[in-house]
Amino acid sequence: MITAEGLVKIYRSRSGEVRALNGLDLTIAEGTVLGLLGPNGAGKTTTVRVLATLLRPDGGHATVAGYDVVRQAQQIRSVIGLSGQYAAVDENLTGRENLVMFGRLYQLSRAEARRRADELLEQFDLADAANRTVKTYSGGMRRRLDLASALSGRPRLLFLDEPTTGLDPRSRLAMWAVIRDRVREGTTLLLTTQYLEEADELAHSIAVVDHGRIIARGTADELKSQVGGERIEVVVHDRDAIARAVEIIGRDTDGECAVDEHTRRLTVPTSGGAQRLVQVVRDLDQAKIAIDDIGLRRPTLDDVFLTLTGHAAEITPDDEDKNS
Amino acid sequence: MTATKLQAPAATGGLRNAISDGLIVTERNLKRIPRIPELAIFAILQSVMFVLLFAFVFGGAIPLPGGGSYREFLLPGIFAQTIAFAAATTAIGITDDINKGILDRFRSLPMARSAVLSGRTLSDVIYNGGILVVLMLSGLAVGWRVHSSVLEFLAGVGLLLLFSFAMSWVGVWLGLSVPTVEVAQQVSFTTIFPLTFLSNIFVPPQTLPSWLQPVAEWNPASVLTSAVRELWGNPNPYVGNGFPAGQPVLLTLIWVVILLAVFAPLAVRRYRSMSR
């Protein structure tokens, strides 16, 4: 559905050049969801803008639905929908007026556009607000209308640029639900997000982007295994007990035990799963070492991300403290 | 998805699409006007304020060479001044659409590329036509009258609207060239106000220093004002017998062509370069 090879995009301004894309490669198969994950300024939005024909790449080559993004932009536009940070709805029109307008600009007939608008308003739970101007909508409603607008032309490929940034948790869940419905219907989706949880939740595969290139790609599980498997984490109650705890944990597991004196947190990789955890709990209890917390932890995408972008190594005990 | 038939890419190069998409955008822009009534209200108030200031405060001190009512002299100029501000209206509209992300949405749709700009300029002409009607009614209230035929009256209105269309394209270019609505506003006000004051709109050009007179004579706002005064039989004191004095209607049309020939291509080029 999408292939991109060596995309380069350079923004020039008075203060110099920024290489927003620096040889980015990407492929998305039809009917799948790719999550483009990265920090602010990594090049996620630029990637979407190039693929959605809003920006010409300075180098490289990309096709969307078999059409070239530079030479066949207009053909691409009739099979894509774009929603997110940079494509918006008109806040001085009503929800229905927006949808009818975008439908007609997708070259539906007036009657078809109206029918489609009603259908989308229903699906996106906006029917009650259909005749109010968008100005009066909540943030969540606005995002849903934005997504509905992108769908008014029944696109085969949907670009969602940070679809839930700034939404409260409930609106985010509602947004995820409607996105999942589209995916179930077979829409191919390119999703950018800063939320690792979101990529994990919605995407079949994840591409981690940093400094304008893809630095890792795989399923959420594959990426997680890159940073290692499960770990047992123990927070002991007394600092004095740390040494003894390390000794006990060392006997029960086979990995190197990392110690954070400051937070009294001990972390050790393990392959034994819950079985091993029970063993550790039992032994610590027998040694009368009081613990505040213990658990089996799978690496999150946060760990993956931090490891891949090289920031994890910089985390000092002080940083850890700030985070906890 | 596998079985779904590929939606045939709509033919979007044709003139028919350019027109129908342009009209959809026009419709959208017009719908917005009553939703933000403050814009139109203040545009009208600004012009009404000029009418009141000059008709009642300064007008008494401005004698017209050759006689005639100052208010009848003033009103066509006020119309021309208001129309010149079409550039500001358009610039602000375009910049707002860019910053709100609407323009990006339009650019991602399989619509005629020209529709965003043509729809904007067309809706601004209609909007300015509406403002003109309100101003004419206020003009009638302070004693302005048309002394010519219906046809000549309509010709005057037509010239004003044509000029508004040309100024709108200046506004498109400006709107695409500045970063924010505030800058669009500042730039258009600081250029259009001097344009309309270095003119025959408020004072007869004879009262200006002689080196300024040619500027005021050839100034598009003056030329438009002269043309409309002539067509409507309102007082229009000339300086000398030059081309601007003799052929204000023709010269207005020439200005319209010049503005369009310069700014429409510039605007289109700016629009295209948004994808750079």
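Biologist: Is the crossing of α7(B) and α10(B) left-handed or right-handed?
Modeller: The crossing of α7(B) and α10(B) is left-handed, meaning that the near helix is turned anticlockwise from the far one by less than a right angle. This is a predicted model, in which local features need pLDDT of at least 70 and side-chain atom pairs count only at pLDDT 80 or more, whereas totals for chains, interfaces and linings use all residues. Residues are numbered from 1 along each chain as its sequence is written, with chains lettered from A and ligands numbered from 1 in the order in which they are written.

Biologist: At what angle do the two helices pack, and how far apart are their axes?
Modeller: Helix α7 (residues 150-177) and helix α10 (residues 220-232), both of chain B, pack at about 165 degrees, with axes 8 Å apart. α7(B) is therefore roughly antiparallel to α10(B), a label for angles over 145 degrees. Axes are lines fitted to C-alpha atoms over the stretch in contact, and angles run from 0 to 180 degrees between N-to-C directions. Helices are DSSP runs (H or I) of at least four residues, and strands (E) of at least two, numbered from the N terminus.

Biologist: Which residues meet there?
Modeller: From α7(B), Glu152(B), Phe153(B), Ala155(B), Gly156(B), Leu159(B), Leu160(B) and Phe163(B) meet Leu224(B), Ala227(B), Val228(B), Leu231(B) and Trp232(B) of α10(B); contact requires C-beta atoms, placed from the backbone, within 7 Å. These residues divide into 10 nonpolar, one polar and one charged.

Biologist: Changing topic, which residues touch the most other members of the largest nonpolar core?
Modeller: Leu51(A), Leu190(A) and Ala87(B) do, among 141 residues. Such a core joins buried Ala, Val, Leu, Ile, Met, Phe, Trp, Tyr and Cys residues through C-beta atoms within 7 Å. α7(B) gives the most to this core, with 12 residues.

Biologist: And what is Ala87(B) in contact with, leaving aside neighbours within four places in sequence?
Modeller: Ala87(B) contacts Met167(B), Ser168(B), Val170(B), Gly171(B), Leu174(B), Ser188(B) and Ile192(B). There is also a second, separate core of 11 residues, including Ile232(A) and Val236(A).

Biologist: How many residues does each chain bring to the contact?
Modeller: Chain A brings 31 residues and chain B 24 residues. On the side of chain A, α2 (73-77), β6 (80-84) and α3 (95-105) each supply at least two residues, and α3(A) gives the most, with five.

Biologist: Last one: is Asp221(A) buried or exposed?
Modeller: Asp221(A), found in helix α8 (residues 220-226) of chain A, counts as exposed because it has 10 C-beta neighbours inside 10 Å.

Key. Parallel < 35°, antiparallel > 145°, perpendicular 65-115°, else oblique. Contact = placed C-beta atoms within 7 Å. Nonpolar A, V, L, I, M, F, W, Y, C, P; charged D, E, K, R; others polar. Buried ≥ 20, exposed ≤ 12 C-beta atoms within 10 Å, placed from the backbone.
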